[in-house]
Amino acid sequence: MTQQTIAIVGAGFSGTLLALHLMRQCSPDTRIVLIERNEHFGRGAAYSTGNSSHLLNVPAAKMSAFQARPSDFLDWLKTRSSEELGGLQPLATTFVPRAIFGRYISDLLETEMKSTLHCGQLELLRASVRDIAPRGGGLVLTLGDGEALQVDRAVLAVGNFPPSPPPVADSSFYDTDSYRSDPWAPDLLANLDPQAPLLLIGTGLTTVDTVVSLLDQEHRGPIIALSRRGLLPQNHLLGPVKTALPETEEFPTRLTSLARFLRDRSRRAREAGGSWQAVIDELRPLTTEIWQAMPREDRLRFLRHLRPWWDTHRHRISGPVAARIAEAQRTGQLRIQAGRIRTYAVTPTGDVDVTYRPRFKDHLETLSVGRVINCSGPESDFGRIRDPLVRRLLDQGMVRPDSLSLGLDITRTCALLGRDGGISRRLFAVGPVTKGAFWEMTAVPDIRQQAEYLAGQLAALVKPAAVAAQASDATWSI
Ligand SMILES: Cc1cc2nc3c(=O)[nH]c(=O)nc-3n(C[C@H](O)[C@H](O)[C@H](O)COP(=O)(O)OP(=O)(O)OC[C@H]3O[C@@H](n4cnc5c(N)ncnc54)[C@H](O)[C@@H]3O)c2cc1C
C-alpha cells in the first residue's frame, strides 16, 4: 500500500488535537500535514489572546485535552513554575488564563512531535489554504503562494469566523475606520481615546472579553453593550455544583417539554438546596443526543426563541470576571441595552451617532460613540462568511451549508456533504463548523471527543480494516 497523506486545514484546538490523535491511531507511514496561516500552532482565536485577564470559562479540572486522561491539563499545570503561571494556584476549580491553555496545547504538540514513535510523521506547514479540489483520486490543496499540495484526504478545522454586522439600510458605515468587525484582532483597541464612549454590539462572552480588555487598559469612557435581548452570561458557582435531586430518568426531546422540564427541575433543585447550574450541567453529556433526536421544527424554534437564553446559562463566566463586569455596571461605566440597531451616521467631529430601537418600545434612541466594535459572537451562517477558502468550496459545490445555518452540512461521522448531497470520502470537518449536526461543538470537552473519534475514522480509511480495528478504540456514541 502506498503512503497516505492526510491534511488538516487549521491548527487551532480542533486541528491540533486531531493531529495528535492521528499520530497515535494511524500507521506510522501515514503522513499528516497540519496547515496554519497564523503564527502559532495550537492556539486559534480562543487561546492566542495575550491578555492574562482572559480566563477560561471552564475550570481547570474539565479542560484536559484527552477524554481518557481527565487530569492531564491539571497535571501539566502542576509541572509549571509559579512564574510561568503568573502566581496562579493550579487547583481543579481554578479558571486559568486562556493563554496558558494555549501553551499547554502547543506543548502537547511539541512533545508528541519529538517522540521517537512519531518522528517525522507530522509536518507543520505555515500557509493559507485558498482552494481544495478533487484530483487524481485524491485532493489538491492550493496554498497562498500558489503552491499545490496533493493529499489523499483533508479535514477542515477552520474554526470560528468573525461576526457579521447587523443588517441596516445603509451599510456603508461598516467600511469606515470607526467600525471594528473582528473582535479577536490584536489591534482591536489600539489608538483608542481612553475617554471615548464605545458601543459593543452583543452582550455575550466576546463582549465580556472586550470589556475586560478595556478595563485592563484603563478605559474611562462609557461602554454600552447592545443586543436584541440584552442578556449577559450567567456566573459559575463558587462551591460544588449539585442538583440535590434524584437522578433524572428521562430527558424530553420536544422543545416545549424540554423547556418546561428545565424550568421545573431548576425550581425544585433550588428548593432542595441545589442549583440551576447543576441542572444545565446534568444535560450536558446528552445535549448532542437530544439535539439529534429533536424534530427539525423544534430545533428551528429553539434557535429563533431560546438560543440566547440557553447560551447565557450554558456558557457561564468565572467568578473573578463576573465580579469585574458587575463592578463596571455598578459604577455606571458599563450599560447593557436591549434593542436593534437601525442607522449609523458619522458626524463632522468623527463621532458616530447610532440609532437603535429599544426592545418592546416604538421610539428610536441615539447613542453618540467614538467606535463601534462587533462582539456579537462567531458567524456560523456559511451563506454570510466571506473567507476565501469557504467561498471557493461553496462555489465549487464541494461543501454546502447545513439547513439550520449553523455550519457545514456533515454526516454524523464528520464527512462533508457536497452541493448535490453526496457524502465525501475525502473531505471531512471537525470543530465548530459541525454544529449543525452536533449543536454542542464549541467547547473543549466536546471537541476533544470529536477529534479522537474522527482520528479513528480516518485511521480506518487509510489502512487495512484488520489493523484499523485493533488501533481504534475511540468509543464516541454518535
Ligand atoms: C474567544 C473564545 C474563547 C473561548 N473560551 C473557551 C473556554 O474558556 N473554554 C472552552 O471549553 N471553550 C472555549 N472556547 C471555545 C473553543 O475552545 C473554541 O471554539 C475552539 O478552540 C475551536 O477551535 P478550532 O480549532 O476549531 O477553531 P479556531 O480556534 O478558530 O482555529 C481555527 C484555525 O484555523 C486557521 N485557519 C482557518 N482557515 C484557514 C486556512 N484557509 N488556511 C490555514 N489556516 C486556516 C485559523 O487561523 C485558526 O488558527 C472559546 C472560543 C472563543 C472564540
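Tutor: Happy to! A cavity here is a set of grid points where a 1.4 Å probe fits but cannot get out, and its lining residues are those with an atom within 4 Å of a point. Please keep in mind that this is a predicted model.

With that in hand, a search of the whole structure turns up two cavities of 30 Å³ or more. Let's begin with the largest cavity, which holds about 40 Å³ of space. Its lining is made up of L156, V158, F382, L389, V390, L393, V399 and L408. Helix α11, which spans residues 388–396, supplies the largest share of that lining, three residues.

Now for the second largest cavity, with a volume of about 30 Å³. Around this second space you will find T207, V208, V211, A225, L232, I325, L334 and I336. Two elements, α5 (205–216) and β11 (334–346), each give at least two residues to the lining. Of the contributors, α5 gives the most, with three residues. Sorted by class, the lining of the second largest cavity has seven nonpolar residues, one polar residue and no charged residues.

Definitions and conventions:
Residues are numbered from 1 along each chain as its sequence is written. This is a predicted model: local features need pLDDT of at least 70, side-chain atom pairs count only at pLDDT 80 or more; totals for chains, interfaces and linings use all residues. Side-chain values use heavy atoms; hydrogens and water are left out. On a 1 Å grid over the protein atoms alone, a cavity is a set of points where a 1.4 Å probe fits but cannot get out, and a pocket is an open set with protein on both sides within 12 Å along at least five of seven lines; lining residues have an atom within 4 Å of a point. Grid points are joined across faces, edges and corners, and a volume is the space filled by probe spheres set on the points. Helices (H or I, at least four residues) and strands (E, at least two) are DSSP runs, numbered from the N terminus. Ala, Val, Leu, Ile, Met, Phe, Trp, Tyr, Cys and Pro count as nonpolar, Asp, Glu, Lys and Arg as charged, and the others, Gly among them, as polar.
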